[in-house]
Amino acid sequence: QVQLVESGGGLVQPGGSLRLSCAASGNIFSIYDMAWYRQAPGNERERVARLTSDGRTNYADSVKGRFTISRDAGKNTVYLQMNSLKPEDTAVYFCYANIQTVAALGMRGYWGQGTQVTVSS
């Protein structure tokens with residue numbers, strides 16, 4: 001059993017910053033790539049940032065230069081530092097990870113429960 005638990009969401013004014021965290025726990029053998037997605041009301045879920053197991057990152061055009069994804073491998077935790085936030089960044093943010101459990105032969109994707117980020121004055 002694997003769980004991804006996000007934290008760090010909340011209400012922030014435009015131009016402000018937030019740092020999201022996602023901690024993976026359970027019978028984890030190895031974590032491959034990790035990512036952050038977001039979904040605003042009426043919109044499809046979109047990938048915001050991705051971090052591969054070899055350290056490569058990629059970002060959605062809408063957040064490049066403002067958001068940074070990072071990982072603490074020792075803690076099985078991925079972070080999303082969000083700066084210069086805009087009202088259009090308002091959404092539920094979800095953590096995603098490709099994980100191989102101790103009992104499994106391969107990896108599969110897991111989702112967190114989501115954390116609300118609201119950017120408003």
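**Close-up 1. Thr 52 sits in the loop between strand 5 and strand 6 (57-59).** Strands (E, at least two residues) are DSSP runs, numbered from the N terminus. The model is predicted: local features need pLDDT of at least 70, side-chain atom pairs count only at pLDDT 80 or more, and totals for chains, interfaces and linings use all residues. Residues are numbered from 1 along each chain as its sequence is written, and side-chain values use heavy atoms, with hydrogens and water left out. Thr 52 has 8% relative accessibility and therefore counts as buried. Buried means under 20% relative accessible area, exposed over 50%, and partly exposed in between (1.4 Å probe, protein chains only). The side chains of Thr 52 and Asp 54 make a polar contact of 2.3 Å. Such a contact is a pair of N or O atoms within 3.5 Å; within protein, one must be able to donate a hydrogen and the other to accept it, and residues adjacent in sequence count only if both atoms are side-chain atoms.

**Close-up 2. Strand 4 (residues 28-39) pairs with strand 9 (residues 91-101) and with strand 5 (residues 46-51).** Two strands pair if DSSP finds at least two bridges between them. Strands 4 and 9 run antiparallel, joined by nine bridges. Here Gln 39 has Val 92 of strand 9 as its bridge partner. Strands 4 and 5 also run antiparallel, with five bridges. Tyr 37 stands opposite Arg 47 in strand 5. Six residues lie between the strands of the hairpin formed by strand 4 and strand 5, where Gly 42 takes a positive phi near 80°.

**Close-up 3. Cys 22 and Cys 95 are joined by a disulfide.** The structure holds one disulfide, defined as a pair of cysteine sulfur atoms within 2.5 Å. The S to S distance is 2.1 Å. The link of Cys 22 and Cys 95 is left-handed, with -80° about the S-S bond. Cys 22 belongs to strand 3 (residues 18-26) and Cys 95 to strand 9, so the pair ties together parts that are 73 residues apart in sequence. Both Cys 22 and Cys 95 are buried.

**Close-up 4. The largest nonpolar core has 31 residues.** A nonpolar core is a set of buried Ala, Val, Leu, Ile, Met, Phe, Trp, Tyr and Cys residues joined through side-chain atoms within 4.5 Å. Leu 4, Trp 36, Phe 67, Leu 80, Met 82, Tyr 93 and Ile 99 have the most contacts inside this core. Two or more residues come from each of strand 1 (2-7), strand 3, strand 4, strand 5, strand 7 (67-72), strand 8 (77-82), strand 9 and strand 11 (115-119). Strand 9 gives the most, with five residues. Neighbours within four places in sequence aside, Tyr 93 is in contact with residues including Glu 6, Leu 20, Trp 36, Phe 67, Leu 80 and Val 117. Contact means heavy atoms within 4.5 Å.

**Close-up 5. Ring pairs link Tyr 37, Phe 94, Tyr 96 and Trp 111 into a cluster.** Rings of Phe, Tyr and Trp (its six-membered ring) pair if their centres lie within 6.5 Å; planes under 30 degrees apart count as stacked, over 60 as edge-to-face and the rest as tilted. A search of the whole structure finds four aromatic pairs. The rings of Tyr 37 and Trp 111 have centres 4.9 Å apart and planes at 65°, so this pair is edge-to-face. Tyr 37 lies in strand 4 and Trp 111 in strand 10 (residues 108-111), so the pair ties together parts that are 74 residues apart in sequence. Tyr 37 is buried, with a relative accessible area of 18%, whereas Trp 111 counts as partly exposed at 39% relative accessibility. Phe 94 and Trp 111 also form an edge-to-face pair, at 6.4 Å centre to centre and 90° between the planes. Phe 94 is buried, with a relative accessible area of 10%.

**Close-up 6. Asn 76 and Ser 84 have positive phi values.** Asn 76 is not a glycine, yet its phi is about 50°. Asn 76 lies in the loop between strand 7 and strand 8 and, at 22% relative accessibility, counts as partly exposed. Ser 84, also a residue other than glycine, has a phi near 50°. Its loop runs between strand 8 and strand 9. Ser 84 counts as partly exposed at 42% relative accessibility.

Methods
Helices (H or I, at least four residues) and strands (E, at least two) are DSSP runs, numbered from the N terminus.
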